[in-house]
Amino acid sequence: DFGKFMDDGITGTGYALEFDGSNSETIAIPSSASLNFDSNISATAFSIGFIIRVGSVIDAGRIINKNGNSWFLKLLSSGQLQLRANGFGINIVSINALLPDTRNIVTITVDCSTSEVNAEMFINGVTQGTGYDASPLTDVTDVIYIGSRTGSAGFATFDIDELRIWN
């Protein structure tokens with residue numbers, strides 16, 4: 001119910017994307033130089049932000065996945081989020097689980113401006129953990145998937161709105 005998710009008593013009509021865990025619901029963002037982040041290009045830091053709602057029963061799977069060993073954000077069956085990056089040298093699991101049936105604001109920051117990578121995760125403005133890898137970020141020129149791991153596996157159930165990736 002998109003209106004209920006985004007409305008929550010606020011005037012207006014909501015248009016969140018609803019993923020029901022089926023293999024027919026995934027979004028693929030084609031490879032683009034503006035979405036390839038590593039220490040060898042000018043875009044050496046990036047952030048990801050979005051509003052997410054999960055139900056009281058968690059269907060674990062990928063929320064956002066940059067194919068290969070670059071980075072992904074996964075919803076765990078506990079309701080926690082997991083960020084893995086850089087060939088998985090960075091592994092952050094949120095301290096808190098997402099609040100079910102309510103809007104959660106998630107922000108991820110990644111700085112790869114030097115020969116190392118620093119990442120931090122926030123849920124509803126509260127830091128959930130940091131990660132560090134002494135190696136430069138290894139990014140790939142590949143598809144970004146929303147709602148699955150590769151478009152054919154790792155599907156999750158959630159509603160997402162106001163997704164932004166910026167540098």
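Buried means under 20% relative accessible area, exposed means over 50%, and partly exposed lies in between, computed with a 1.4 Å probe on protein chains only. By that scale Glu162 is partly exposed, with a relative accessible area of 41%.

This is a predicted model, in which local features need pLDDT of at least 70 and side-chain atom pairs count only at pLDDT 80 or more, while totals for chains, interfaces and linings use all residues. Residues are numbered from 1 along each chain as its sequence is written, and side-chain values use heavy atoms, with hydrogens and water left out.

## The two sheets

Strands (E, at least two residues) and helices (H or I, at least four) are DSSP runs, numbered from the N terminus. Two strands pair if DSSP finds at least two bridges between them.

| Strand pair | Sense | Bridges |
|---|---|---|
| Strand 3 and strand 8 (residues 104-111) | antiparallel | 8 bridges |
| Strand 3 and strand 12 | antiparallel | 6 bridges |
| Strand 4 (residues 61-66) and strand 5 (residues 71-75) | antiparallel | 5 bridges |
| Strand 1 and strand 12 | antiparallel | 4 bridges |

Individual residues show how these strands face each other. Phe46 stands opposite Val110 in strand 8, and Ile52 stands opposite Ile160 in strand 12. Phe19 has Phe158 of strand 12 opposite it. In the other sheet, Asn65 is set opposite Phe72 in strand 5.

Strand 3 is largely enclosed by the rest of the structure, because 8 of its 9 residues are buried.

## Salt bridges

A salt bridge is a side-chain nitrogen of Lys or Arg within 4 Å of a carboxyl oxygen of Asp or Glu. Side chains of opposite charge can pair when their charged atoms come close. Searching the whole structure gives 2 salt bridges.

One of them joins the side chains of Arg53 and Asp159, at 2.5 Å from N to O. This pair links distant parts of the chain, with Arg53 in strand 3 (residues 45-53) and Asp159 in strand 12 (residues 157-166), 106 residues apart. Both Arg53 and Asp159 are buried.

Glu162 and Arg164 also meet through their side chains in a salt bridge, at 3.8 Å from N to O. Arg164 counts as partly exposed, at 48% relative accessibility, and Glu162 is likewise partly exposed at 41%.

## Backbone angles

Glu162 is found in strand 12. Its phi is near 55°, a positive value in a residue other than glycine.

Asp101 is not a glycine either, yet it has a positive phi of about 55°. Asp101 lies in the loop between strand 7 and strand 8. With 53% relative accessibility, Asp101 counts as exposed.

## Gln128 in strand 10

Strand 10 (residues 126-133) contains Gln128. Gln128 is buried, with a relative accessible area of 2%.

A polar contact is a pair of N or O atoms within 3.5 Å; within protein, one must be able to donate a hydrogen and the other to accept it, and residues adjacent in sequence count only if both atoms are side-chain atoms. The side chain of Gln128 reaches the backbone oxygen of Val126 at 3.2 Å.

Contact means heavy atoms within 4.5 Å. Leaving out residues up to four places away in sequence, Gln128 touches Ile92, Val93, Ser94, Ile95, Asn96, Met121, Phe122 and Ile123.
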